[in-house]
Amino acid sequence: MKNQTLIKCLRFDIYRKIPKDLTQPTKTGATISIICILFILFLMFSEFVGFILPEVQSQLFVHNSEKKSSDDGRIPVTLDVSVFKIKCKYLGLDIQDDLGRHEVGLIDNAIKTDINNDEGCRMKVTFKVNKVPGNFHISTHGSAEQPEDPNMSHKINDLTFGEHVAHLNSIPDSSFASLNGNEQQSIEKIASHDYIMKIVPTIYENLQGKQVYPYQFTYAHREYVPYAHGGFRVPPTIWFRYDLNPITVKYTEKRKPFYTFLTTICAIVGGAFTVSGIIDSMIFTASEVFKKHQMGKLG
């Protein structure tokens, strides 16, 4: 009775085995098998890397970030500029905005380094700006002594708004460091440079749910020779004029569910073995037909 039950159960076996003495190994089959295994390993490794590394999803919405960016509701700014032909003793940072803020020759949190044989200056400064339209600019306005031949040719080494996160620059179509590496040589020595920027608030949330608040920005540049009332020339300046966009961009790190990863692995293995089996069968059948043709057994 048990044997009959077992025989009935065996009928449901869809993975029936062929005795080894009825199988025939071939060089072609071995080659296809090795290629198939290597191909499967490559796809599995690629899928594993894609599973481990999170993908970044983005969304747009109107968001009041007044209490999020910093403790005092202002935006941290890091500015690193090399001015090639004006000495450090003349340069300072001025800040203005629509709330009435007006600071001239700001040197707090500023590091100045002589460059070009002490003829130029690299100035790195950190400060905060209010969340209203305004500007900050590199100038000689705060210096009691003015240079004889001012020239604001420069290179922007770094300009960052908000919290600094190094890997954000790798996000496709992002603009967290739009001006980094930008160099401008003044066509006229006394020309000023004007950067008009649109700042976009951004939220970045990692897999652990921690959020940081950097800012992206776009810009336009123009060079001009400034004149005051009466036709008098004004000392050249590097202006950074900014305004905030009401739309916030949120980036969220997401990881694929494990069942999706497992399903993909099964599909890779099953699909690769199936396709390689079909290719091997076609090649084997074609080779057998060719052999019979050579032996005159066809037709």
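Analyst: The account below moves from the overall fold to the core and then to the rings. The model is a predicted one.

The protein contains three helices and 14 strands. Of its 299 residues, 36% are buried. Among contacts between residues at least 6 apart in sequence, 80% join residues at least 24 apart. The exposed surface comes to about 18900 Å², with carbon and sulfur atoms supplying 58% of it.

The largest nonpolar core comprises 33 residues, and those with the most contacts inside it are Leu 79, Leu 93, Phe 127, Phe 136, Leu 159, Phe 161 and Phe 240. Two or more residues of this core come from each of strand 2 (75–83), strand 3 (92–97), strand 6 (120–129), strand 7 (134–139), strand 8 (154–162), strand 10 (192–205), strand 12 (214–224) and strand 13 (238–244). Apart from this core lies another, of nine residues, including Leu 168, Phe 176, Val 200 and Val 212.

With neighbours within four places in sequence left aside, Phe 127 is in contact with Ile 75, Pro 76, Val 77, Leu 79, Leu 93, Ile 95, Leu 106 and Phe 136.

The aromatic rings form twelve pairs. In one of these, Phe 136 and Phe 240 have ring centres 5.2 Å apart and planes at 20 degrees; the pair counts as stacked because this angle is under the 30 degrees used as the limit. This pair links distant parts of the chain, with Phe 136 in strand 7 and Phe 240 in strand 13, 104 residues apart. Phe 136 is buried, at 0% relative accessibility, and Phe 240 likewise has a relative accessible area of 0% and is buried.

A further pair joins Phe 176 and Tyr 251, whose ring centres lie 6.2 Å apart with planes at 50 degrees, so this pair is tilted. Phe 176 belongs to the loop between strand 8 and strand 9 (182–184), whereas Tyr 251 lies in strand 14 (residues 247–254), 75 residues away in the chain. Both Phe 176 and Tyr 251 are buried.

Phe 136 and Phe 240 also take part in one aromatic cluster, together with Phe 127, Phe 161, Tyr 195, Phe 217, Tyr 219 and Tyr 242.

Charged groups meet rings as well. The charged end of Arg 222 sits over the ring of Tyr 224, at 4.2 Å from the ring centre. Arg 241 lies over the face of Trp 239, 4.3 Å from the centre of that ring.

Note on methods:
Residues are numbered from 1 along each chain as its sequence is written. This is a predicted model: local features need pLDDT of at least 70, side-chain atom pairs count only at pLDDT 80 or more; totals for chains, interfaces and linings use all residues. Side-chain values use heavy atoms; hydrogens and water are left out. A nonpolar core is a set of buried Ala, Val, Leu, Ile, Met, Phe, Trp, Tyr and Cys residues joined through side-chain atoms within 4.5 Å. Buried means under 20% relative accessible area, exposed over 50%, partly exposed in between (1.4 Å probe, protein chains only). Helices (H or I, at least four residues) and strands (E, at least two) are DSSP runs, numbered from the N terminus. Contact means heavy atoms within 4.5 Å. Rings of Phe, Tyr and Trp (its six-membered ring) pair if their centres lie within 6.5 Å; planes under 30 degrees apart count as stacked, over 60 as edge-to-face and the rest as tilted. A charge sits over a ring if NZ of Lys or CZ of Arg is within 6 Å of the ring centre and within 35 degrees of the ring normal. Accessible areas come from the Shrake-Rupley method with a 1.4 Å probe; for residues, only the protein chains shown count as cover.
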